[in-house]
Amino acid sequence: MPREDVRAFLRHLQSRYRGRPLWLILDRVPCHEAHPSQVLAGRLGIGLMWLPTQCPELNPVGHLWRELKRLVAANRQFRTIDEEPRYAERWFLGLTAREALRPSGVLTPSSWSHCWS
């Protein structure tokens with residue numbers, strides 16, 4: 001994701017959740033670490049928390065992506081290239097909060113996420 005996309009995403013989040021505390025958990029890809037993106041996040045009041053490098057098991061979104069690929073995309077042929085993202089979007093939006101959190105492991109009592117509760 002280019003740095004401009006990250007900054008557009010930060011602006012969108014801030015406008016969507018105005019007045020609410022907002023924290024993002026990020027990996028250390030260059031577009032996330034770019035100085036202009038970090039400055040903008042600070043200016044918008046968005047806190048940034050960094051995942052340690054070389055620890056993909058700590059990325060809850062990665063687990064959800066893996067589940068999406070397994071259940072939606074694996075061994076499935078779509079008629080058009082546009083059909084797959086629409087199908088994936090319907091799958092994702094149809095998840096309950098519990099179904100979205102379960103693959104990440106954050107619902108388990110031993111989850112690293114409980115240290116911020």
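Student: What does Leu 24 touch, leaving out residues up to four places away in sequence?
Tutor: In this predicted model, Leu 24 touches Leu 10, Leu 13, Ile 46, Gly 47, Leu 48 and Met 49. Contact here requires heavy atoms within 4.5 Å.

Student: Which residues of strand 1 lie on its covered face, and which on the uncovered one?
Tutor: Leu 22, Leu 24 and Leu 26 make the covered face. Trp 23 and Ile 25 make the uncovered one.

Student: How do you know that strand 1 and strand 2 pair?
Tutor: Pairing takes at least two bridges. Strand 1 and strand 2 (residues 46-50) have five, in the parallel sense. Ile 25 stands opposite Met 49 in strand 2.

Student: Which residues of helix 3 are buried?
Tutor: In helix 3 (residues 35-44), they are Ser 37, Leu 40, Ala 41 and Leu 44.

Student: Why are they said to be on the same side of helix 3?
Tutor: Because they cover an arc of only 100° around the axis. On the other side of helix 3, His 35, Gly 42 and Arg 43 are exposed.

Student: What follows just after helix 3?
Tutor: Gly 45, with a positive phi of about 80°.

Student: Where else is there a positive phi, in a residue that is not a glycine?
Tutor: At Asn 75, where phi is about 55°. Asn 75 is in the loop between helix 4 and helix 5 (83-93).

Student: Why is Asn 75 called exposed?
Tutor: Its relative accessible area is 84%. The cut-off for exposed is over 50%. Therefore Asn 75 counts as exposed.

Student: Why is Glu 67 called buried?
Tutor: Glu 67 is found in helix 4 (residues 60-73). Its relative accessible area is 14%. Buried means under 20%, so Glu 67 qualifies.

Student: What is Glu 67 in contact with, leaving aside neighbours within four places in sequence?
Tutor: Val 72, Trp 91, Arg 102 and Pro 103.

Student: How many helices and strands are in the protein chain?
Tutor: Six helices and two strands. Along the sequence the pattern reads α-β-α-α-β-α-α-α. Of the 117 residues, 28% count as buried.

Student: What share of the contacts with a separation of 6 or more joins residues 24 or more positions apart?
Tutor: That share is 54%.

Student: Which elements have the lowest and the highest mean pLDDT?
Tutor: Helix 6 (residues 97-101) has the lowest, 80, and helix 3 the highest, 94. The protein chain averages 82, and 83% of the residues score at least 70. Where pLDDT is low, the predicted coordinates should not be read in detail.

Key
Residues are numbered from 1 along each chain as its sequence is written. This is a predicted model: local features need pLDDT of at least 70, side-chain atom pairs count only at pLDDT 80 or more; totals for chains, interfaces and linings use all residues. Side-chain values use heavy atoms; hydrogens and water are left out. Buried means under 20% relative accessible area, exposed over 50%, partly exposed in between (1.4 Å probe, protein chains only). Helices (H or I, at least four residues) and strands (E, at least two) are DSSP runs, numbered from the N terminus. The arc is that of the directions from the helix axis to the C-beta atoms. pLDDT is the predictor's confidence in each residue, from 0 to 100.
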